[in-house]
Amino acid sequence: MIEYYDNLLQEEQEELKEIIKLLYKQTFLLERKYDKRTKHLTFTKEYKIADRHLDFLKEYLAISGIEILDNSQEGIIYIQGEELIGEKLPRLATFYLLLLKLIYEEQMSSASNSIHVFTNVGELNEKLNSFRLVTDRPSPTEMRRALTMLKKYQMIEILDSMEEISGDIRMLIYPSVKMVLLGSQIRSLLVSYSEEPEDEEK
C-alpha cells in the first residue's frame with residue numbers, strides 16, 4: 001500500500017496529502033461546486049484527485065477504522081466511522097442542518113425539473129419557528145457562525161455576502177445533506193428538539 005504512495009511523483013504525493021487532510025477537515029468532497037463568478041456548478045480538482053486514488057485511500061483510512069465511500073451518482077466522496085471525532089455543532093447549526101435536509105427533500109420530490117435546490121435564511125428561520133425550535137430569533141452572530149460551519153462541511157454554498165445577516169441571504173443546498181439521516185428520522189428529531197430546553201449545544 002505504501003509502495004503505491006512511494007511510486008507517485010512528488011507533486012502527486014503532495015496532492016494526496018492535501019486530500020487526506022481535507023477529508024478529515026470537511027468530511028465531504030463534492031464533484032461539482034457552485035462558482036459564484038459563472039453562477040454554475042463546476043468540477044473540482046479535489047474530487048478528481050480523490051477518485052483517481054480511491055483504492056489507496058480506502059486501504060489507508062481503513063487502518064484507523066475510517067471508511068471512505070463514493071456516491072458517484074450524487075458526485076460525493078465522503079468518510080465515516082466511529083473513530084472520527086467531528087467538531088461539535090452549535091444547537092442552531094444542528095437545527096439548520098436538519099431543516100436544510102428537509103427543504104432539500106421537499107424540493108427534490110416536487111414537480112420541479114431543477115436539479116439545484118436553493119433556500120434562504122428567511123425560510124430557515126421560518127421553519128425554526130414553525131417547528132417551535134426557538135423562542136427568540138437567533139442573533140446575527142449565531143446565524144453567521146452556523147452558516148459558516150455548514151459551508152465548511154460542504155452542506156451549503158452561501159451565495160450572498162454575510163456582512164449583514166438578513167432573511168434574503170441565499171444559499172445552494174448541496175446533495176451531501178442527503179447523507180444526513182433519513183427524512184422520517186429528521187422529522188422525529190425536530191419534534192423531539194422542539195420539546196427540549198434551548199440552553200445547551202448538541
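Before you start selecting, note that the model is predicted: local features need pLDDT of at least 70, side-chain atom pairs count only at pLDDT 80 or more, and totals for chains, interfaces and linings use all residues. Residues are numbered from 1 along each chain as its sequence is written, and side-chain values use heavy atoms, with hydrogens and water left out.

Select 32–35 and 40–43, strands β2 and β3, which run antiparallel and are joined by 4 bridges. (Strands are DSSP runs of E with at least two residues, helices runs of H or I with at least four, both numbered from the N terminus; two strands pair if DSSP finds at least two bridges between them.) Click on Arg-32 and look across to Phe-43, its bridge partner in β3. Then visit the 4 residues between the strands, where Lys-39 takes a positive phi near 60°.

**Second stop: the open sheet.** Its 3 strands come in the order β6-β8-β7, with antiparallel pairing. Colour β6 (117–120) and β7 (156–158) as the edges, since each pairs on one side only. Neighbouring strands here are turned by 30° against each other on average, direction ignored. (Axes are lines fitted to C-alpha atoms, for helices over the stretch in contact, and angles run from 0 to 180 degrees between N-to-C directions.)

**Last stop: the helices.** Show 121–130, helix α6, which packs on the sheet and touches β6 and β8; contact means heavy atoms within 4.5 Å. The direction of α6 makes about 75° with that of β6. Finish with helix α7 (140–152), which packs on the sheet against β7 and β8, its direction making about 125° with that of β7.
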